Amino acid sequence: MFKRIDHVALHVADLDSSVAFYEKHFGFRNYFQAPIPGGMQIAYLKLGDTVLELTHHSDGAMKGFHFCLETDDFDGSVAKLKADGVPVVREPHNTAPREPREQGWRRVVFGGPDGEQIELRG
């Protein structure tokens, strides 16, 4: 059902300087960046197959933490987690592809026991 961790997200105070930091010091490559409705900016950086998501909120607020799992059965995974009583933070919705293989993917966000968010993509 679940294939791998798709990405881990950090919420940063200054998106451009954080992107530059990870590129310069650790060799990450920024491969997708876009504004998100609601005043958020997002950048995805790659190091090999590892993806680091950096987010920034225009109001300067630092938001929580999340990680994302890729699933090969999106609808089945969502149905099982809902049936198990895992709380939904954001219902399934379309998401922009970061690369061609992700065309048509959707995402959903569930809540973990300590306030963390668990995103599923597939």
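Arg-106 is found in strand S7. The model is predicted. Strand S7 spans residues 106-111 and is mostly covered. Five of its six residues are buried. Arg-106 itself is partly exposed, because its relative accessible area is 26% and buried means under 20%.

Strand S7 pairs on two sides of the chain. Four bridges join S7 to strand S6, residues 88-94. These two strands run antiparallel. Within this pairing, Val-88 has Phe-110 of S7 as its bridge partner. Five bridges join S7 to strand S8, residues 117-121. This pair is also antiparallel. Leaving aside neighbours within four places in sequence, Arg-106 is in contact with Phe-74, Asp-75, His-93, Asn-94, Thr-95, Leu-120, Arg-121 and Gly-122. One of these residues, Asp-75, makes a polar contact with Arg-106. This contact joins the two side chains at 2.5 Å. The C-alpha atom of Arg-106 is separated by 8.4 Å from that of Ala-96. The two residues are 10 residues apart along the chain.

A nonpolar patch lies on the surface. Ile-5, Val-8 and Phe-65 form this patch. Together they have about 250 Å² of accessible area. Val-8 has its place in strand S1, residues 2-11. Val-8 is partly exposed, because its relative accessible area of 31% falls between the limits of 20% for buried and 50% for exposed.

Key. Residues numbered from 1 in each chain as written. Predicted model: local features only at pLDDT ≥ 70, side-chain atom pairs only at ≥ 80, totals over all residues. Heavy atoms only, no water. Patch = residues over 30% accessible without salt bridge, like charges linked within 9 Å, V, L, I, M, F, W, Y side chains within 5 Å. Areas by Shrake-Rupley, 256 points an atom, 1.4 Å probe, with all protein chains shown as cover. Salt bridge = Lys/Arg side-chain N within 4 Å of Asp/Glu carboxyl O. Buried < 20%, exposed > 50% of the residue type's maximum accessible area, 1.4 Å probe, protein only. Pairing = 2+ DSSP bridges. Contact = heavy atoms within 4.5 Å. Polar contact = N/O pair within 3.5 Å; in protein donor to acceptor, adjacent residues only side chain to side chain.
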